[in-house]
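Student: I have a structure open and want to learn how to read it. Can we go through it feature by feature?

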Amino acid sequence: MIDVARFIQGLPKAELHLHIEGSLEPELMFDLARRNRISLPFTSVEAVRAAYAFSNLQDFLDIYYKGAGVLMTEQDFQDLAMAYFRRVAADGCRHVELFFDPQTHTDRGLPFRIAIEGLLAGMAEAERRFGVSSSLILCFLRHLDEDAAFTTLRAAEPYLDRILGVGLDSSEVGHPPSKFARVFAAAGERGLKRVAHAGEEGPPAYVREALDLLHVDRIDHGNRALEDPALVARLVAEGMTLTVCPLSNLKLCVVDDLKAHPLKRMLDLGLKATINSDDPAYFGGYLGRNWTETAQALSLSRAELVTLAKNSFTGSFLPPDAVSDHLAGIDAYLSSNS
Ligand code: HPA
Ligand code: ZN
């Protein structure tokens, strides 16, 4: 019998909730700042890490948007993506559906194409070098207005064949999904998948709005749905995937202790939960660490880990034959490790 960390490392799995700008490690932040002659408000990598003490989502977002300011060229975005894929490939990740925040870059004067071309180049290189497949989800920043979201969707028009879907992130409370109902409808008409952060800090009503008004295919986080039993029953009945982020929840004080994390309760309730890293450079761990720390804290069984791995593929937007191949890969792994 191999130990839990090794079992998890070898288990084929997908990551469905990852903000690529949130994988910017302080070392790369300093390299890019130097390369682009940008001054940072920190004197050292250690000083950056020391600033990563957050008491809520907004504390984190303030520093995350500043950090992203060092990304200037296609090469920077490609390097960022490659650094992330190198880490998750080592964690046994086979597929990623990654978020990017174009408005964070266009609002500081970068053309839309810089971020997307660089990321697409990094994704193609990662598939060649590491065998990790990936696709892009464009997130609208919910603290900005609907017009800005429509402008972003228009900027994305030439790239729609290379964008899988749209998402909704940034400051949740005070910016309900209803604010973006029309732009999500427009995205749906263009054949894009739809996901939204809901129930991280916002109330269960925001999760309902994401379902009813944005017609989402997945809920990102969803923790606070647990406060509403009727909503839980609906999410179970609809087989809705929740992209849960345990170390993020701990760092942003959504939970006080990993041992009190609701992931196991979600599985017990029949919810289709998955494990993800959110912003790994800021929250203390990539996909593998999210899995191992959560497995230990909640004493997850092998069967529960396998369910989580299968959920990560059945909850992905991969075509059915690719999902079947990954599920067969999990079964093959289990028979060689029983
Ligand atoms: N929540 C909301 N918005 C975000 C996050 C998050 O955890 N990370 C990056 N943007
Ligand atoms: Zn997120």
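Student: Leaving aside neighbours within four places in sequence, which residues is H326 in contact with?

Tutor: One caution before that: this is a predicted model. Contact here means heavy atoms within 4.5 Å. By that test H326 touches R94, F313 and L318, once neighbours within four places in sequence are set aside.

Student: Where does H326 lie, and is it buried or exposed?

Tutor: H326 is part of helix α17, which covers residues 320-336. The cut-off for buried is under 20% relative accessible area. H326 has 17%, so it counts as buried.

Student: How is L327 classed, and at what relative accessible area?

Tutor: L327 also belongs to helix α17. Its relative accessible area is 22%, so L327 is classed as partly exposed.

Student: What does L327 touch, not counting residues up to four places away in sequence?

Tutor: With those residues left out, L327 touches K310, F313 and T314. For a sense of scale, take H143, which is 184 residues from L327 along the chain. The C-alpha atoms of the two are separated by 38 Å.

Student: Now the interior. What is the general idea?

Tutor: In soluble globular proteins, nonpolar side chains tend to be buried together. In this model, the largest nonpolar core has 106 residues. Those with the most contacts inside this core are F60, F85, F140, I219, Y282, W291 and L305.

Student: Which helix gives the most to this core?

Tutor: Helix α7, residues 112-130, with eight residues. Another core lies apart from the largest one. This other core has six residues, including I137, C139, L164 and V195.

Student: Take I219. What does it touch, not counting residues up to four places away in sequence?

Tutor: The list is A196, A198, V207, A210, L211, M240, T241, L242 and T243.

Student: Next, the ligand. Which residues surround ligand 1?

Tutor: Start with the residues around it, then look for polar contacts. Ligand 1 is surrounded by H19, L57, F60, L61, Y64, D169, S170, H197, E200, H221, D278 and D279.

Student: What lies 2.9 Å from a nitrogen atom of ligand 1?

Tutor: A polar side-chain atom of E200. S170 uses its backbone: a polar atom there is 2.8 Å from a nitrogen atom of the ligand. D278 has a side-chain N or O atom 2.7 Å from an oxygen atom of ligand 1.

Student: How much of ligand 1 does the protein bury?

Tutor: Ligand 1 exposes 260 Å² when taken alone, and the protein buries 100% of that.

Methods: Residues are numbered from 1 along each chain as its sequence is written. Chains are lettered from A and ligands numbered from 1 in the order in which they are written. This is a predicted model: local features need pLDDT of at least 70, side-chain atom pairs count only at pLDDT 80 or more; totals for chains, interfaces and linings use all residues. Side-chain values use heavy atoms; hydrogens and water are left out. A nonpolar core is a set of buried Ala, Val, Leu, Ile, Met, Phe, Trp, Tyr and Cys residues joined through side-chain atoms within 4.5 Å. Buried means under 20% relative accessible area, exposed over 50%, partly exposed in between (1.4 Å probe, protein chains only). Helices (H or I, at least four residues) and strands (E, at least two) are DSSP runs, numbered from the N terminus. A residue is near a molecule or strand if one of its heavy atoms lies within 4 Å of it. A polar contact is a pair of N or O atoms within 3.5 Å; within protein, one must be able to donate a hydrogen and the other to accept it, and residues adjacent in sequence count only if both atoms are side-chain atoms. Accessible areas come from the Shrake-Rupley method with a 1.4 Å probe; for residues, only the protein chains shown count as cover.
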